[in-house]
Every structure is written in C-alpha cells, then in structure tokens.
Amino acid sequence: MNITREMIRRIIREQEEGKLPETPSEVEATEDAWSGGGNLELDVDHSKVSTDEPNVASPEVLELVVAEVRKRLIEKAETTKKYDDSKHLKGGQDKLPDGLQKGIIDKAEKMEEVDGADHDGALMDLDDYYELEDLLSVQLRDFLRGGYSKEDLIQALTNIVNDAL
C-alpha cells in the first residue's frame with residue numbers, strides 16, 4: 001500500500017484537530033498579559049522544546065579553547081631527552097618540547113656570554129614567567145600608549161626590582 005501526500009495530510013490534520021481551538025472564544029489568555037508587568041513574555045526555551053537541546057546558558061569560554069589548543073600543540077611538538085639534562089632548564093621545563101628547551105638554553109648561554117657570569121637560578125620558571133607577564137602586560141601597554149618610551153619603562157622596572165632587594 002502506497003501512502004499518498006493526501007493521506008499524510010489527513011493524518012496530521014486529525015492529530016492536530018484536538019490541539020487548536022476552533023473559535024477565538026476558546027482561546028485562554030495569559031493572566032495579566034497586557035498589564036505591562038514582567039509577564040509579557042513566556043519563559044520558554046524554544047530550542048529545548050523543539051529539539052530537546054537547551055540554549056547555551058552562557059557564552060563559550062575562550063580560555064578553555066586556548067588551553068586545549070596549547071595542550072595539543074605541546075603534545076604535537078617533538079619532545080625528546082636531547083636537552084633534558086641541561087643546567088639551564090628549571091622546574092618543569094625539561095618536559096617542554098625540544099624547540100622551547102633549545103630557546104631557553106640559548107638565551108641562558110647568551111646571558112652568560114654577555115655578563116661573563118653563571119646565571120644558575122636566575123632564569124624564571126615558565127609558569128612564573130607567564131604569571132608575571134599577565135600581571136604586567138596590560139599596564140605596560142597603557143604606559144606606552146600614554147607617551148612613555150620603552151626605555152623609560154625598562155629603567156623604571158629596573159629601579160623597582162633594585163629597590164625591592
């Protein structure tokens with residue numbers, strides 16, 4: 001037996017017949033709908049009603065996405081034991097990808113060449129560096145926009161660090 005469009009329409013009409021009022025007098029108004037109060041709209045999540053999936057209650061959090069991307073990039077980056085035993089790696093830096101480890105080691109060796117001294121313990125842990133960067137970057141940018149030069153800020157930060165000692 002073939003089902004025709006007409007048969008489908010009839011079945012739908014029969015199912016919907018009892019749901020809709022036939023005359024306007026059968027429609028029940030929402031109480032105080034025109035009073036101007038907070039009840040002018042119904043609190044209905046139309047997405048949930050139609051698809052059984054609720055609307056997002058809050059916007060997606062960018063930090064979660066950025067953290068996941070960083071995690072995947074670190075996992076994807078090549079990690080070997082090549083640089084793990086270097087004296088220049090501090091804290092958990094021996095778990096970083098080889099490219100980052102090499103950058104840290106190169107920078108430490110360059111600092112040793114410039115000052116002629118051993119900077120063992122002078123390099124900041126990567127997590128601490130990021131924390132310090134988060135604390136200072138916005139304020140430093142504001143000072144630069146306010147007319148101070150990069151050299152002014154470096155001198156001021158050097159003085160602050162020296163005064164703290």
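How many salt bridges does the structure hold? The structure, a predicted model, holds four salt bridges.

**View 1. The salt bridge between E6 and R13.** The side chains of E6 and R13 meet with a nitrogen-to-oxygen separation of 3.8 Å. E6 is partly exposed, its relative accessible area being 48%. R13 is likewise partly exposed, with a relative accessible area of 48%. Neither residue counts as buried, because that term requires a relative accessible area under 20%, whereas the value is 48% for E6 and 48% for R13.

**View 2. The salt bridge between R10 and E14 in helix α1.** The closest N and O atoms of R10 and E14 lie 3.6 Å apart. Both residues belong to helix α1, which comprises residues 5–17. Because R10 and E14 are four residues apart in this helix, about one helical turn separates them. E14 is partly exposed, with a relative accessible area of 47%. R10 is also partly exposed, at 40% relative accessibility.

**View 3. The salt bridge between K102 and D106 in helix α4.** In this pair, the closest N and O atoms are 3.0 Å apart. Helix α4 spans residues 98–115, and K102 and D106 are placed four residues apart within it, so that about one helical turn separates them. D106 counts as partly exposed at 35% relative accessibility. K102 counts as partly exposed at 38% relative accessibility.

**View 4. The network of E6, R9 and R13.** Salt bridges with shared partners connect E6, R9 and R13 into one network. The contact between E6 and R13, at 3.8 Å from N to O, is a salt bridge between two of these residues.

**View 5. Q101 and its surroundings.** When residues up to four places away in sequence are not counted, Q101 touches T80, Y83, D84, L89, Q93, D94, K95 and L96.

Conventions: Residues numbered from 1 in each chain as written. Predicted model: local features only at pLDDT ≥ 70, side-chain atom pairs only at ≥ 80, totals over all residues. Heavy atoms only, no water. Buried < 20%, exposed > 50% of the residue type's maximum accessible area, 1.4 Å probe, protein only. Helix = DSSP H or I, 4+ residues; strand = E, 2+ residues; numbered from the N terminus. Contact = heavy atoms within 4.5 Å.
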